[in-house]
Amino acid sequence: MIELEGLTKRYGTKTAVDHLSFQVRPGVVTGFLGPNGAGKSTTMRMMLDLDNPTSGTVRIDGKHYRELHEPLKHIGALLDAKAMHGGRSAYNNLLCLAQSNRIPRSRVDEVLGLVGLTAVAGKKSKGFSLGMGQRLGIASALLGDPEILMFDEPVNGLDPEGIHWIRNLMKALAAEGRTIFVSSHLMSEMALTADHLIVIGQGKLLADTSMADFIQQNSRSYVRLRSPQQERLRDVLHANGFTVVEAGGGVLEVDGATTEKLGELAAENGLVLHELSAQRASLEEAFMQMTAGAVEYHAHGTDVHGGAAAPGPQWGATTGTTTGTTSEGA
Amino acid sequence: MTAPAHPQHAPAPHAYVSPIPVRRAHLGDALASEWTKIRSVRSTMWTLGVMILLMVVIGLGVAAIAASSEVSMDEETALGFGFFGMLPASICVITLGVLTIASEYGTGMIRTTLTACPSRARVLTAKAIVFFLLVFTVTTVVATLVALAQVALVDAAEPSADEWLRATVGTGAYLAALGLLSLAIGTIIRHSAGAITVMIGLLLLPLVAALFMFSVALKSVQEWLFTYAIPSQMIALYSAQPPFGEDGPAGWEPLLIMGGTAAVVLAGAYALLNSRDV
Ligand SMILES: Nc1ncnc2c1ncn2[C@@H]1O[C@H](COP(=O)(O)OP(=O)(O)OP(=O)(O)O)[C@@H](O)[C@H]1O
Ligand SMILES: [Mg+2]
């Protein structure tokens, strides 16, 4: 269990983390979501007592981090930066950590096996691929067999197999009753892994909700229509009391209607339809809507601006993943 | 603030507890960890290897030259030749001292280290002890072997017990203290190249600067620099009387000065390490 209370971090005039209060509970995977620069890594560093909060507190099982006797046996963390010495072998990188917390050597072999690095245990970690480095970081987090695990963007740079592996690992760890706290800026990834969701933007808490509630509240379902007689179609829809949104590219979107109802309506009025499909706005869209006001590093068309990766600027116009699409021509 | 979403991931009745028994970690654990760290990177072998090579080759070379020359050395002992190996060795010690901590900042390892051991003072203490003992042992052993060879090779005055002690244990302690100063500077600067540059500047610049102080007004500054520059202090370590002029440190005093400086800067490093973000 991790508890944050009024956690705040200012760098000069910039507030990176702004009065964050929430709890991370055991037994579930808690996703920590926010766009680039939202303050996820800063929050995690403060949880580990690496950065000093400007104000506020973090408690790990009711204690301050510095009060933990052998911290690796309580909490294991994978930070976003490669936090290992490249000139040291994977085994020795883990061994020196193990020794500082009196973890037996056998456990080093065990976690190396767990993440599938036994064959390269004696190799310098400098030569590791991104995925291997990530696995080594996960091995170091698991070293003390801790109750709490914290991963900062663990799937970054992993191949699909690796992503699958981490996803299952986190779920398995949570099922054992551990507290799993994982950051990401990919809603789609979180939707598959997390049971609980904490969303921040510009350091502020935007949502603290269960994944199911988030999906329920945020995935708008609507019907997508395309017709060569767009003007008439719109008038007909209006006349029948539907709210129509023009989505560009000759696409109309209608909320709160079924494909059956709209197809019949078009047929009654002799309208040609090129598309009639039920759509569900993606969670990614919902997430971007939620954080829209809080996105710090926008991409501006051709403007070459900063290096930070940013979500596309025109997310409003894009259609999300289609679930349960039904199409019929008329 | 609501119940978890998927029933199959319902919270386990009891939170997980690590099966590995927990007790209070202490300095001994940190020492074991730092010893593993320092012995498992190649830079340690390189810097110490080069240091040993320099001390041996230069020490024996100088002794051989002195032995073949006609200049008589009735007044002095052959131990003073140790200085010639000590100066280049100090550059290796500086490098190793800085790398012991700054490489952790360079690689990001420091975050992992401090997560494992949140007592920053303990981490720095363990690093300092392991580093000091390693450098002290190696340099003392090498300095002793080189001194024995020098005394055997060169026809000069017989060294006293105190002179033997200073040329061996004194040399080792002086270099190890210089290394501690480098470790402290590395902790403060947190950047390998930057800290090594600062330390080498500290080692050599005072003498170079003093060479260019022609003006009469700067005479006293020049003398002070000549007396207290690190290479001059190393020479003074081998001599019972102040080697330059009437006053200035001699004998064991340079070691006290270096030890004191290292302690003060190390105290600053502790304070900064404790208060700064990582
Ligand atoms: N040491 C620092 N000095 C100054 N500003 C900082 C520092 N660390 C972070 N920041 C700023 O704080 C904000 C939050 O950064 P942080 O790395 O926590 O974001 P993040 O949510 O992890 O982003 P990402 O998804 O890109 O990893 C950013 O605007 C960043 O520029
Ligand atoms: Mg980050």
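Reader: What share of the 330 residues in chain A is buried?
Author: Happy to start there, and please keep in mind that this is a predicted model. A residue counts as buried when its relative accessible area is under 20%. Among the 330 residues of chain A, the buried share comes to 54%.

Reader: How many helices and strands does chain A have?
Author: Chain A has both kinds of element. The count is 10 helices and 13 strands.

Reader: Among contacts in chain A between residues at least 6 apart in sequence, what share joins residues at least 24 apart?
Author: A contact here means heavy atoms within 4.5 Å. Taking the contacts in chain A between residues at least 6 apart in sequence, the share that joins residues at least 24 apart is 70%.

Reader: Which residues have the most contacts inside the largest nonpolar core?
Author: That core has 85 residues. A second, separate core has 53 residues, including A:A121, A:M170, A:A207 and B:I20. Back in the largest core, the residues with the most contacts inside it are A:I2, A:F22, A:M150 and B:M234.

Reader: Which residues does A:M150 contact, leaving aside its neighbours within four places in sequence?
Author: A:M150 is one of the residues with the most contacts inside the largest nonpolar core. With those neighbours set aside, its contacts are A:I2, A:M44, A:M47, A:L48, A:I75, A:G76, A:A77, A:L78 and A:F181.

Reader: How do α4(A) and α5(A) run: roughly parallel or roughly antiparallel?
Author: Their axes come within 12 Å and cross at roughly 10 degrees. Angles under 35 degrees count as roughly parallel. Therefore α4(A) and α5(A) are roughly parallel.

Reader: Which residues of α4(A) make the contact with α5(A)?
Author: On the α5(A) side, the contact uses A:E161, A:G162, A:W165, A:I166, A:L169 and A:L173. By class, the contact has six nonpolar, one polar and two charged residues. The α4(A) side is made by A:R135, A:I138 and A:L142.

Reader: Is A:R135 buried or exposed?
Author: A:R135 sits in helix α4 of chain A. Apart from neighbours within four places in sequence, A:R135 touches A:V115, A:L117, A:E161, A:G162 and A:W165. Its relative accessible area is 18%, and the cut-off is under 20%. So A:R135 is buried.

Reader: How many salt bridges are there over all chains?
Author: A pair counts when a side-chain nitrogen of Lys or Arg lies within 4 Å of a carboxyl oxygen of Asp or Glu. Over all chains, the number is 22.

Reader: What separates A:E110 and A:R107 along helix α3?
Author: These two form a salt bridge, with the closest N and O atoms 2.7 Å apart. A:E110 is partly exposed at 47% relative accessible area, whereas A:R107 is buried at 10%. Because they are three residues apart in helix α3 (residues 105–114) of chain A, their separation is about one helical turn.

Reader: How many residues apart in sequence are the parts that A:D145 and A:R178 tie together?
Author: The salt bridge of A:D145 with A:R178 has its closest N and O atoms 2.7 Å apart. A:D145 lies in the loop between α4 and β6 of chain A, and A:R178 in the loop between α5 and β7 of chain A, so the pair ties together parts whose separation in sequence is 33 residues.

Reader: Which helices of chain B hold B:E34 and B:K127?
Author: The side chains of B:E34 and B:K127 meet in a salt bridge of 2.8 Å, N to O. The two residues are 93 residues apart and link distant parts of the chain. Both are buried. B:E34 is in helix α1 (residues 27–39), and B:K127 is in helix α5 (residues 120–153).

Conventions: Residues are numbered from 1 along each chain as its sequence is written. Chains are lettered from A and ligands numbered from 1 in the order in which they are written. This is a predicted model: local features need pLDDT of at least 70, side-chain atom pairs count only at pLDDT 80 or more; totals for chains, interfaces and linings use all residues. Side-chain values use heavy atoms; hydrogens and water are left out. Helices (H or I, at least four residues) and strands (E, at least two) are DSSP runs, numbered from the N terminus. Buried means under 20% relative accessible area, exposed over 50%, partly exposed in between (1.4 Å probe, protein chains only). Axes are lines fitted to C-alpha atoms, for helices over the stretch in contact, and angles run from 0 to 180 degrees between N-to-C directions. Angles under 35 degrees count as roughly parallel, over 145 as roughly antiparallel, 65 to 115 as roughly perpendicular and the rest as oblique. Ala, Val, Leu, Ile, Met, Phe, Trp, Tyr, Cys and Pro count as nonpolar, Asp, Glu, Lys and Arg as charged, and the others, Gly among them, as polar. A nonpolar core is a set of buried Ala, Val, Leu, Ile, Met, Phe, Trp, Tyr and Cys residues joined through side-chain atoms within 4.5 Å.
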